[in-house]
Amino acid sequence: MNSESAVKRNNTTKTPSVTRGDKRFKMLEATIKRYQYQQDALIEILHKAQELFGYLENDVLIYVAHNLKLPPSRVYGVATFYHLFSLAPSGVHTCVVCTGTACYVKGAEAILANLEKSIHIHAGETSADRQISLLTARCLGACGIAPAVVFDGTVLGNQTAESVLDRIKGWLQDGST
């Protein structure tokens, strides 16, 4: 079998059975159609997929790869390259510690180490009870208020290991911010 017939054969394979009946896949299909199945729209399509599913699970990545006629490795590579994409479900609350130069110099490392020790997860992980996701960012662009931490989308500056832990403990105790 030559490569041309292999490509034709791969393009006629059916979508995974897991996609049947899931309205999110239908909405994703509409997005893919809107971009006219263009491979260079991969990032925009992955953003929509994450918006619909909450994260990019393997079935979603394979679905996108199949519909854009891309190798799954390329779709996975893009999904893992950009920090805005997540391959695992995130927690109810999200804490992002800036590790940019200004924040690092002013104590971001201590903040992160204290959080990891106290809540028993590492940066990039979500707690077992799915309450908290702990993330890092290379720079938030808030150097004037370093060290900066983002709590559920709200940037707070001049943070300390204690102030961040107090905020997280509040989430764990009663789900408040």
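This is a working chat about a predicted model of a protein.

Biologist: I'm new to this one. How many helices and strands are there in the protein?

Modeller: The protein has eight helices and five strands. Keep in mind that the model is predicted.

Biologist: In what order do the elements run from the N terminus on?

Modeller: They run α-α-α-α-α-β-α-α-β-β-β-β-α.

Biologist: And what share of the residues is buried?

Modeller: Of the 177 residues in the protein, 34% are buried.

Biologist: Where is F81, and is F81 buried or exposed?

Modeller: F81 is in helix α5, which covers residues 72-81. F81 counts as exposed because its relative accessibility is 65%, and the cut-off for exposed is over 50%.

Biologist: Where does Y82 lie?

Modeller: Y82 lies in the loop between α5 and β1, the latter being residues 93-98. Its relative accessible area is 36%, so Y82 is partly exposed.

Biologist: How far apart are Y82 and I43?

Modeller: In sequence, Y82 and I43 are 39 residues apart. In space, their C-alpha atoms are 9.3 Å apart.

Biologist: Back to α5 for a moment. How do the axes of α4 and α5 cross?

Modeller: The axes of helix α4 (residues 58-68) and α5 come within 8 Å and cross at roughly 125°. That angle is why α4 is called oblique to α5. The crossing of α4 past α5 is right-handed.

Biologist: New topic, charges. How many salt bridges does a search of the whole structure find?

Modeller: It finds two salt bridges. Side chains of opposite charge can pair when their charged atoms come close.

Biologist: Which side chain meets R24 in a salt bridge?

Modeller: The side chain of D22 does, at 2.9 Å from N to O.

Biologist: Where do K48 and E51 lie?

Modeller: Both are in helix α3, residues 42-53. They sit three residues apart, about one turn of the helix.

Biologist: How accessible are they?

Modeller: K48 has a relative accessible area of 22%, so K48 is partly exposed. E51 is exposed, because its value is 59%.

Biologist: Now the backbone. Which peptide bond is cis?

Modeller: The bond from A146 to P147 is cis, with omega near -5°. P147 is in the loop between β3 (132-137) and β4 (149-151). For background, most peptide bonds are trans, and most residues other than glycine have a negative phi.

Biologist: What about Q36 and its phi?

Modeller: Q36 is not a glycine, yet it has a positive phi of about 55°. Q36 is found in the loop between α2 (23-34) and α3.

Biologist: And Y37? What is its phi?

Modeller: Y37 also is not a glycine and has a positive phi of about 55°. Y37 lies in the loop between α2 and α3.

Biologist: Next, S127. Where does S127 lie?

Modeller: S127 is in the loop between β2 (125-126) and β3. With a relative accessible area of 10%, S127 is therefore buried.

Biologist: How far is S127 from V92?

Modeller: S127 and V92 are 35 residues apart in sequence, and 9.9 Å apart in space from C-alpha to C-alpha.

Biologist: Last one. What about E162, where does E162 lie?

Modeller: E162 lies in helix α8, residues 161-174. Its relative accessible area is 54%, so E162 is exposed.

Biologist: And how far apart are E162 and N114?

Modeller: E162 and N114 are 48 residues apart in sequence. Their C-alpha atoms are 8.4 Å apart in space.

Note on methods: Residues are numbered from 1 along each chain as its sequence is written. This is a predicted model: local features need pLDDT of at least 70, side-chain atom pairs count only at pLDDT 80 or more; totals for chains, interfaces and linings use all residues. Side-chain values use heavy atoms; hydrogens and water are left out. Helices (H or I, at least four residues) and strands (E, at least two) are DSSP runs, numbered from the N terminus. Buried means under 20% relative accessible area, exposed over 50%, partly exposed in between (1.4 Å probe, protein chains only). A salt bridge is a side-chain nitrogen of Lys or Arg within 4 Å of a carboxyl oxygen of Asp or Glu. Axes are lines fitted to C-alpha atoms, for helices over the stretch in contact, and angles run from 0 to 180 degrees between N-to-C directions. Angles under 35 degrees count as roughly parallel, over 145 as roughly antiparallel, 65 to 115 as roughly perpendicular and the rest as oblique. A crossing is left-handed if the near helix is turned anticlockwise from the far one by less than a right angle, and right-handed if clockwise.
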